Amino acid sequence: MLADSSDRTLADMAINNFRPNLSIFADMVNELYVKAAGLDREERGNSTPVYESIPELKKLGDYLIDATN
C-alpha cells in the first residue's frame, strides 16, 4: 500500500509540474538554438546562414518562445 501511495504522489508531482518543466525545457532548447544560429552566422561570414534558408529553422525561435507563454 505504501508503494501505491508514493506512486500516486510521484504521478501528482509530475502532472502538476509538467507545464513549468516544459517551459524550462523550451527555454533550454531556445538557448541552444540561439547559440547554433550564432555559430551558423559566424561560419557563413557574408553568405546567408543555413538556418535562414530553412523556414522551419528560421521560425523555431518564435515557436519556442510561444511554448513558454
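Start by selecting Tyr-33 and Tyr-51: both of them are buried. Buried here means under 20% relative accessible area, while exposed is over 50% and partly exposed is in between, using a 1.4 Å probe and protein chains only. Before you click on, note that this is a predicted model, where local features need pLDDT of at least 70, side-chain atom pairs count only at pLDDT 80 or more, and totals for chains, interfaces and linings use all residues. Residues are numbered from 1 along each chain as its sequence is written, and side-chain values use heavy atoms, with hydrogens and water left out.

**Stop 1: the two tyrosines**

Keep those residues on screen. How many aromatic pairs does the structure hold? There is 1, and Tyr-33 and Tyr-51 form it, edge-to-face, at 6.1 Å centre to centre with 85 degrees between the planes. The pair ties together distant parts of the chain: Tyr-33 sits in helix 2 and Tyr-51 in helix 3 (residues 50-53), 18 residues apart. For the record, rings of Phe, Tyr and Trp (its six-membered ring) pair if their centres lie within 6.5 Å; planes under 30 degrees apart are stacked, over 60 edge-to-face, and the rest tilted.

**Stop 2: zoom out**

Now show the whole chain as a cartoon. You'll find 4 helices and 0 strands, running α-α-α-α from the N terminus on. The radius of gyration is 19 Å, well over the 11 Å that the globule rule gives for 69 residues, so the protein is more spread out than a compact globule. That radius is taken over C-alpha atoms, and the rule is 2.2 Å times the number of residues to the power 0.38. Helices (H or I, at least four residues) and strands (E, at least two) are DSSP runs, numbered from the N terminus.

Turn the model around: the C-alpha trace spans about 65 × 20 × 15 Å along its principal axes. Of the 69 residues, 13% count as buried.

**Stop 3: salt bridges**

Next, pick out the charged side chains. A salt bridge needs a side-chain nitrogen of Lys or Arg within 4 Å of a carboxyl oxygen of Asp or Glu, and the count comes to 2.

- Select Arg-8 and Asp-12, whose closest N and O atoms are 3.6 Å apart. They are 4 residues apart in helix 1 (residues 2-16), so about one helical turn separates them. Arg-8 is exposed at 56% relative accessible area, whereas Asp-12 is partly exposed at 29%.
- Select Lys-35 and Glu-31, which meet at 4.0 Å, N to O. This pair, too, is 4 residues apart, in helix 2, which means a separation of about one helical turn. Lys-35 is exposed at 54%, and Glu-31 is partly exposed at 48%.

**Stop 4: along helix 2**

Which residues make the nonpolar surface patch of about 340 Å²? Select Phe-18, Leu-22 and Phe-25 to see it. Patches take residues with over 30% relative accessible area and no salt bridge, joining like charges within 9 Å and nonpolar side chains (Val, Leu, Ile, Met, Phe, Trp, Tyr) within 5 Å. Phe-25 lies in helix 2 (residues 18-44) and is exposed, at 53%.

Finish with Arg-19, also found in helix 2 and exposed at 60%. Draw a distance from its C-alpha to that of Pro-55, 36 residues apart along the chain, and you get 27 Å.

Definitions and conventions. Accessible areas come from the Shrake-Rupley method with a 1.4 Å probe; for residues, only the protein chains shown count as cover.
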